[in-house]
Amino acid sequence: MDYNFYMSKAYEQALVAYEKKETPIGCVIVYNDAIIGRGRNMRNEKKNALCHAELIAINEASFILGDWRLEGAIIFVTVEPCPMCAGAILQARIKELVYGAANKKAGCCGGVMNLFEERGFNHSVIVSGGVMKEECASLMSRFFGELRNAD
């Protein structure tokens with residue numbers, strides 16, 4: 001499987017978020033080599049704290065498969081997931097998580113903590129990071145730099 005290809009699809013979602021002045025995080029979910037879920041951050045647009053890229057993609061993928069269990073699926077997200085999204089990834093029983101940039105302020109794959117190393121859960125997720133790290137981190141830096149300069 002070409003991780004860079006699928007991360008580039010997640011990055012496209014992040015670019016849409018960026019253009020809409022949302023925190024530029026994008027996500028795709030892949031099952032049997034097909035994208036079955038896409039998401040981008042939409043918190044401001046929807047005025048809803050739950051509208052993270054991962055949750056939107058999980059919702060779409062669950063609809064497509066007709067099941068909340070996304071066993072065998074791989075989720076690609078441009079930024080290390082927060083606690084809410086990491087929990088949703090575990091709850092959806094996603095097989096593997098691939099992320100781009102680290103998130104030192106809210107990440108749950110090692111940024112702040114590593115929820116995926118907790119052994120008490122009934123499901124485990126394979127985690128790898130750093131795919132298209134520079135591009136993903138640069139987009140986040142550019143977004144927040146522009147936000148600071150706008151004030």
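Modeller: The patch is made by F63, I64 and L65, and it covers about 330 Å². To qualify, residues need over 30% relative accessible area and no salt bridge; nonpolar side chains (Val, Leu, Ile, Met, Phe, Trp, Tyr) are joined within 5 Å, and in charged patches like charges are joined within 9 Å. The areas are Shrake-Rupley values with a 1.4 Å probe, and for residues only the protein chains shown count as cover. Bear in mind that this is a predicted model, with pLDDT of at least 70 required for local features and 80 or more for side-chain atom pairs, while totals for chains, interfaces and linings use all residues. Numbering runs from 1 along each chain as its sequence is written, and side-chain values use heavy atoms, without hydrogens or water.

I64 belongs to helix α3, residues 53-65; helices here are DSSP runs of H or I with at least four residues, strands are E runs of at least two, and both are numbered from the N terminus.

α3 also leads us to the largest pocket, where α3 and α5 (133-150) each supply at least two lining residues. The top contributor is α5, with five residues. The pocket's volume is about 600 Å³. Of its 23 lining residues, T23, V79, N103, M140 and F144 are the closest to the centre. By pocket I mean an open set of points on a 1 Å grid over the protein atoms alone, with protein on both sides within 12 Å along at least five of seven lines, whereas a cavity is a set where a 1.4 Å probe fits but cannot get out; lining residues have an atom within 4 Å of a point. Points are joined across faces, edges and corners, and the volume is the space filled by probe spheres set on them. The lining splits into 12 nonpolar, five polar and six charged residues, where Ala, Val, Leu, Ile, Met, Phe, Trp, Tyr, Cys and Pro are nonpolar, Asp, Glu, Lys and Arg charged, and the others, including Gly, polar.

Most residues other than glycine have a negative phi. M132 is buried at 14% relative accessible area; buried means under 20%, exposed over 50%, and partly exposed in between (1.4 Å probe, protein chains only). N32, another non-glycine, has a positive phi of about 50° and lies in the loop between β1 (26-31) and β2 (34-40). With 64% relative accessibility, N32 is exposed.

Now the charges. There are four salt bridges, each a side-chain nitrogen of Lys or Arg within 4 Å of a carboxyl oxygen of Asp or Glu. One of them joins R93 to E71, with the closest N and O atoms 3.9 Å apart. R93 is in the loop between α4 (83-91) and β4 (96-101) and E71 in the loop from α3 to β3 (74-79), so this pair ties together parts 22 residues apart in sequence. Both are partly exposed, R93 at 23% and E71 at 44%. R69 pairs with D67 at 3.2 Å, N to O; R69 is partly exposed at 34%, and so is D67 at 29%. E45 and R40 meet at 3.1 Å, N to O, but here E45 is partly exposed at 40% while R40 is buried at 11%.
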